[in-house]
Amino acid sequence: MKAAAFDYIKPTVLAEALSLLAEAGDDGQLIAGGQTLLATLNMRLSEPAILIDITDINELKGISLVGNQLRIGALVTHTEIEDSELVAKHAPLLKAAAPHIAHRAIRNLGTWGGSLAYGDPAAEWPACSLTLNATMIIVGPGGERRISAQDFFIDLYTTSLEPDEILVATEIPVADNNQVFYFHELARRHGDYAIAGLAAVAQKQGNVLSDYALTFFSVASTPLMAMKTQALVNDKVLTPEVIASAVAAARAEIDAIADITNSVETKQHLIGVLLERGLKHLAAQAIN
Amino acid sequence: MTIKKKITLTVNGASITAEVEPRQHLVDFLREDLFLKGPHLGCEHGACGACTVKVDGQIIRGCLFLAVQADGSVVETIEGLTKSGALADLQESFMRHNAMQCGFCSSGMLLAAAELIEKQPTSTREEVREWISGNYCRCTGYHSIVSAIMDVLEARLKGEKIKPVVAHA
């Protein structure tokens with residue numbers, strides 16, 4: 001399928017991109033890696049009049065350590081995250097998640113910021129950013145603002161990003177030696193959108209875990225943190241009984257919605273399957 | 001709206017200047033404007049991998065990248081990579097294992113496999129399967145494709161190259 005006609009412009013500084021975006025209004029569409037956008041253009045699900053290509057803007061690039069925060073620029077590709085030693089050391093959950101994102105040819109172009117700004121509930125980065133308590137750094141006509149991942153994902157493909165704003169980067173608190181993590185997703189083909197997924201972190205305190213973040217994705221209109229389940233397992237030895245009660249709690253707590261091929265019942269079932277596997281994995285890390 | 005944009009890029013070592021419509025994706029530009037028929041068009045929404053080409057040293061989906069985005073880039077297709085010999089042992093291994101079948105997916109499979117061999121030289125059979133999952137083979141020739149890639153990985157680890165079975169005259 002072929003895209004409808006559009007114009008194309010490639011600014012080189014952020015200020016220029018912002019003014020082009022303001023000028024274009026509803027007719028404008030930002031493009032970074034374009035790995036979702038190009039498919040929607042090809043299928044004519046989207047017909048912008050002008051594409052504003054932001055990939056030459058240096059302010060949006062690079063992975064760096066800023067104090068105790070890992071700063072990931074919006075234009076950083078999935079492959080860069082997959083291959084980054086800084087990420088492996090300071091946000092190992094992201095390294096574990098990266099190979100699940102589509103396929104290498106897509107990861108080579110698709111970006112961190114694009115995935116977050118698109119807000120697909122089936123995508124890996126929104127769930128990971130929520131789990132790791134990321135802060136989104138956003139620039140608009142009024143200057144810079146910061147917003148937590150918890151307040152950023154509002155609804156299906158809907159974030160708190162305003163139409164005239166650009167996501168510049170995110171900051172993630174660096175992992176310490178006591179952080180344990182788990183990432184898994186169930187998909188028909190490796191690299192396809194998950195039917196259900198779980199991103200999880202916790203802190204080792206002796207032989208128990210605390211400060212859990214258990215985020216399910218591809219089960220509802222946004223990634224969802226299982227707050228009640230987190231409280232239930234906090235500071236407890238993960239015995240089979242505790243895990244079983246957590247599985248029941250998560251299935252009750254997460255209000256799954258069906259997708260085109262999977263029923264609510266399937267999703268609720270898989271939430272439990274993922275949590276059981278995840279908690280067993282985390283429990284094994286707790287005793288090491 | 002048919003405002004064309006001028007682009008300059010390197011394709012298989014040759015410098016190319018062209019005028020393209022912004023909506024034209026890279027693989028259409030390669031096939032229709034440059035007559036490079038090696039990169040194939042399958043699904044045109046990123047699912048099948050038949051359009052895989054290299055841009056600035058990395059494999060990409062040619063249908064999820066615009067020709068206008070390739071301005072200033074180095075593009076390599078199966079034609080250029082074959083001529084340079086970069087894929088010779090992989091191509092030989094595909095032939096040995098009859099890993100082509102109808103051949104439609106082969107150019108994409110070869111480019112994807114070459115990047116795997118470069119990035120993950122110690123991959124297991126399972127990891128090869130995961131990597132190749134981005135490329136559809138409609139004849140379901142996956143098993144022989146994975147075997148062909150495994151042979152190259154094993155040969156490379158031993159510092160060997162897969163040589164043609166029949167010596168060419």
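**A chat about chains A and B**

Trainee: Where is A:Asn178 found?
Mentor: A:Asn178 lies in the loop that joins strand 10 (166–173) to strand 11 (179–186) of chain A. Helices (H or I, at least four residues) and strands (E, at least two) are DSSP runs, numbered from the N terminus.

Trainee: What kind of model is this, and how are residues numbered?
Mentor: It is a predicted model, in which local features need pLDDT of at least 70 and side-chain atom pairs count only at pLDDT 80 or more, while totals for chains, interfaces and linings use all residues. Residues are numbered from 1 along each chain as its sequence is written, chains are lettered from A and ligands numbered from 1 in the order in which they are written, and side-chain values use heavy atoms, with hydrogens and water left out.

Trainee: Back to A:Asn178: which residues does it touch?
Mentor: Setting aside residues up to four places away in sequence, A:Asn178 touches A:Ala202, A:Gln203 and A:Lys204. Contact here means heavy atoms within 4.5 Å. A:Gly206 is 28 residues from A:Asn178 in sequence, and their C-alpha atoms are 9.5 Å apart.

Trainee: Why is A:Asn178 called partly exposed?
Mentor: Its relative accessible area is 37%, so A:Asn178 is partly exposed. The class lies between buried (under 20% relative accessible area) and exposed (over 50%), using a 1.4 Å probe and protein chains only.

Trainee: And A:Ser160, is that buried or exposed?
Mentor: A:Ser160 counts as buried because its relative accessibility is 12%. This serine sits in the loop between strand 9 (158–159) and strand 10 of chain A. Among the residues that A:Ser160 touches are A:Arg145, A:Asp151 and A:Glu165.

Trainee: What about salt bridges; how many does the structure hold?
Mentor: There are 19 salt bridges over all chains. The term means a side-chain nitrogen of Lys or Arg within 4 Å of a carboxyl oxygen of Asp or Glu. One of them pairs A:Arg71 with A:Glu171, at 4.0 Å from N to O. That pair links distant parts of the chain, 100 residues apart: A:Arg71 is in strand 5 (residues 69–73) and A:Glu171 in strand 10 of chain A.

Trainee: Are those two partners buried or partly exposed?
Mentor: A:Arg71 counts as partly exposed at 23% relative accessibility, whereas A:Glu171 is buried, at 9%.

Trainee: Switching to chain B, how many helices and strands are there?
Mentor: Chain B has six helices and five strands, and from the N terminus their order is β-β-α-β-β-β-α-α-α-α-α. The radius of gyration, taken over C-alpha atoms, is 17 Å for chain B, close to the 15 Å from the globule rule for 169 residues, so chain B is as compact as a globular protein of that length. The rule itself is 2.2 Å times the number of residues to the power 0.38. Of the 169 residues in chain B, 53% are buried.

Trainee: What covers the buried residues of helix 1 of chain B?
Mentor: Strands 1 (5–11), 2 (14–20), 3, 4 and 5 (74–76) of chain B are included in that cover. Six of the eight residues of helix 1 are buried, among them B:Leu26, B:Phe29 and B:Arg31.

Trainee: What follows helix 1 of chain B?
Mentor: B:Phe35 comes after helix 1; its phi is positive, about 60°, although it is not a glycine. B:Phe35 lies in the loop between helix 1 (26–33) and strand 3 (52–55) of chain B, and it counts as exposed because its relative accessibility is 63%.

Trainee: How many residues of chain B are in contact with chain A?
Mentor: On the chain B side there are 30, in contact with 31 residues of chain A. The buried area is about 2700 Å², with 55% given by carbon and sulfur atoms. That area is the accessible area (1.4 Å probe) that two parts lose on being put together, summed over both.

Trainee: Which salt bridges cross over?
Mentor: The rule finds four across the interface. One of the salt bridges in the structure joins A:Lys2 to B:Glu44, with the closest N and O atoms 2.6 Å apart.

Trainee: Which elements of chain B supply the side that touches chain A?
Mentor: Strand 4 (58–61), helix 4 (106–119) and helix 5 (125–132) of chain B each supply at least two residues. Strand 4 gives the most, with four residues.
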